[in-house]
Amino acid sequence: MSISAGVPQGFSLGPLLFLVYINEIVADISSLIRLFADDITVYVVVDDPKQATDRLNSDLESIHTWANQ
């Protein structure tokens with residue numbers, strides 16, 4: 001089946017194009033975030049699990065909104 005979207009595997013500009021596309025996601029995230037290749041890690045370092053849960057859920061909502069836009 002022909003695929004009409006995405007970046008071909010092995011394409012040398014693929015990682016760069018991904019980073020240009022995804023770079024704006026960090027603007028609304030209050031947690032720590034790491035971007036590597038096609039992976040995103042969102043994490044917090046806190047003493048209170050409730051605080052971590054609230055913060056991460058808020059950031060996941062922001063990512064969800066960004067992805068829908």
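Student: What should I know before reading any values?
Tutor: This is a predicted model, in which local features need pLDDT of at least 70, side-chain atom pairs count only at pLDDT 80 or more, and totals for chains, interfaces and linings use all residues. Residues are numbered from 1 along each chain as its sequence is written, and side-chain values use heavy atoms, with hydrogens and water left out.

Student: Where is confidence lowest and where is it highest in the chain?
Tutor: pLDDT is the predictor's confidence in each residue, from 0 to 100. The chain has a mean pLDDT of 82, with 84% of its residues at 70 or more. Confidence is lowest in α1, at a mean of 74, and highest in helix α2 (residues 49-68), at 91.

Student: Which pattern does the chain follow along the sequence?
Tutor: Helices (H or I, at least four residues) and strands (E, at least two) are DSSP runs, numbered from the N terminus. Here there are two helices and two strands, in the pattern α-β-β-α.

Student: Is S31 buried or exposed?
Tutor: Buried means under 20% relative accessible area, exposed over 50%, and partly exposed in between (1.4 Å probe, protein chains only). S31 counts as buried because its relative accessibility is 7%. Buried residues make up 16% of the 69 residues in the chain. S31 lies in the loop between α1 and β1 (32-36).

Student: Which residues does S31 touch?
Tutor: A contact means heavy atoms within 4.5 Å. Leaving aside residues up to four places away in sequence, S31 touches V42, Y43, V44, R55, L56 and D59.

Student: With which side chain does the side chain of S31 make a polar contact?
Tutor: A polar contact is a pair of N or O atoms within 3.5 Å; within protein, one must be able to donate a hydrogen and the other to accept it, and residues adjacent in sequence count only if both atoms are side-chain atoms. For S31 the partner is the side chain of D59, at 2.3 Å.

Student: What about helix α1?
Tutor: L17 is found in helix α1 (residues 14-22), and L17 is partly exposed because its relative accessibility is 42%. L19 is also in helix α1 and is partly exposed, at 37%. The C-alpha atoms of L19 and F36, 17 residues apart along the chain, are separated by 8.7 Å.
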